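Please look through this structure with me, point by point. Keep the model open and find each residue as it comes up.

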Amino acid sequence: MSESSKDVIVKSKVNWGQAKFLWCLIGLFILLAGLGWLPQPPSHEEMYGDTGRVFDWLDSGLKRNGFWWSPAYLMGHSLSVFAVAFVSQFFMTIFVYLGSLFHEPLAGLKVYNLLVLSLAGWGMHRWICDQTGNHTSGALAALFYVMGPLITLRTCILEHSGMAMSFVFVPWIYRGITLLTRQTSLKEVLLLGFCAAGLALSYTKVALLMMPLLMVWAAVNLHWRRQERIPKIILQWLGAFAVSLVLTLPFLLPSLRDFKMMASFVLDPFGRR
């Protein structure tokens with residue numbers, strides 16, 4: 001084995017060692033957050049409402065009308081409006097059910113939020129590692145992402161379980177946009193489309209807010225590519241977009257209709273009169 005090959009192997013081992021240490025810090029942060037948060041009584045933040053919506057989804061929807069109509073909330077409403085957070089609602093339901101087996105539905109939802117933190121960190125690790133080829137950089141980015149004020153505020157303080165899942169998909173979308181400018185891959189096209197659909201169905205509002213930023217990121221990536229490669233790159237992005245539409249529209253189209261029949265708040269100066 002040549003000296004250069006040995007140097008590469010040594011650097012790779014050091015790289016992985018540093019990355020493991022950083023992931024230990026991430027695990028310690030999530031563990032401490034769980035120890036401090038799990039024993040807490042119900043708060044007045046979002047999680048209490050999220051738990052109520054899960055039980056309404058199960059009791060009113062599943063038992064009576066097949067996930068379509070709930071008699072709760074004044075004169076009732078269509079459950080299709082939950083499609084804007086279908087992925088979040090689905091996994092929240094699983095963890096609330098598991099928590100209910102131990103008579104602690106809120107604890108189940110808190111465990112879900114903590115798992116979302118770790119999954120979000122892994123997604124950031126993959127994106128930065130693929131971008132730089134360095135596991136230490138990926139783990140460091142994951143550490144900053146997980147401990148960042150925005151994600152910790154939403155998951156552990158405001159307890160916004162519905163929005164928490166969106167943090168998992170965002171790094172994968174950024175990664176996919178960049179990766180498809182470097183290579184032609186059907187697998188990556190499908191993965192990008194799946195993650196875009198996951199974001200849209202985790203919390204549609206976040207997906208809409210992210211679209212301008214993703215377009216800027218795509219434009220920046222195109223700027224550094226050869227002119228002859230650009231049509232193929234755009235075609236792959238359009239393929240991923242088509243995959244996301246196929247996965248999201250069956251859920252979101254019924255909710256567009258039913259939202260028109262619901263009472264809502266007027267947010268001046270943006271509300272219509």
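1. **The second largest pocket.** The second largest pocket holds about 770 Å³ of space. This is a predicted model, in which local features need pLDDT of at least 70, side-chain atom pairs count only at pLDDT 80 or more, and totals for chains, interfaces and linings use all residues. Residues are numbered from 1 along each chain as its sequence is written, and side-chain values use heavy atoms, with hydrogens and water left out. A pocket is found on a 1 Å grid over the protein atoms alone, as an open set of points where a 1.4 Å probe fits, with protein on both sides within 12 Å along at least five of seven lines. Its volume is the space filled by probe spheres set on the points, which are joined across faces, edges and corners. Rolling a probe the size of a water molecule over the atoms shows where empty space is left.

2. A lining residue has an atom within 4 Å of a point. Which helix gives the most to this lining? Helix α11 does, with 10 residues. At least two residues each come from α8, α9, α10 (204-223) and α11 (230-259).

3. The lining of the second largest pocket has 21 nonpolar residues, 4 polar and no charged. Here Ala, Val, Leu, Ile, Met, Phe, Trp, Tyr, Cys and Pro count as nonpolar, Asp, Glu, Lys and Arg as charged, and the others, Gly among them, as polar.

4. **The overall fold.** The chain has 11 helices and 2 strands. Along the sequence, the pattern reads α-α-β-β-α-α-α-α-α-α-α-α-α. Helices (H or I, at least four residues) and strands (E, at least two) are DSSP runs, numbered from the N terminus. Of the 273 residues, 44% count as buried. Buried means under 20% relative accessible area, exposed over 50%, and partly exposed in between (1.4 Å probe, protein chains only).

5. **Salt bridges around arginine 175.** The whole structure has 4 salt bridges. Each is a side-chain nitrogen of Lys or Arg within 4 Å of a carboxyl oxygen of Asp or Glu. Aspartate 130 pairs with arginine 175, with the closest N and O atoms 2.5 Å apart. Aspartate 130 sits in helix α4 (residues 105-132) and arginine 175 in helix α8 (residues 166-182), so the pair ties together parts that are 45 residues apart in sequence. Aspartate 130 is partly exposed, at 28% relative accessible area. Arginine 175 is buried, at 6%.

6. Glutamate 188 is in helix α9 (residues 186-202), 13 residues from arginine 175 in helix α8. Are glutamate 188 and arginine 175 buried or exposed? Both are buried. Arg126, Asp130, Arg175 and Glu188 are linked in a network of salt bridges.

7. **A salt bridge between exposed residues.** Arginine 226 and glutamate 228 meet in a salt bridge, at 3.0 Å from N to O. Arginine 226 has 56% relative accessibility and counts as exposed. Glutamate 228, at 58%, is exposed.

8. **A nonpolar surface patch.** Phe90, Phe91, Ile94, Tyr97, Leu98, Leu101 and Phe102 form a nonpolar patch on the surface. Together they have about 720 Å² of accessible area, computed by the Shrake-Rupley method with a 1.4 Å probe, where only the protein chains shown count as cover for residues. Patches are made of residues with over 30% relative accessible area and no salt bridge; like charges are joined within 9 Å, and nonpolar side chains (Val, Leu, Ile, Met, Phe, Trp, Tyr) within 5 Å. Phenylalanine 91 lies in helix α3 (residues 86-101). It is partly exposed, at 33% relative accessibility.

9. Histidine 103 has a positive phi of about 60°, although it is not a glycine. Histidine 103 is in the loop between α3 and α4. It is exposed, at 71% relative accessible area.

10. Isoleucine 173 lies in helix α8 and is buried, at 5% relative accessible area. Glutamine 183 lies in the loop between α8 and α9.
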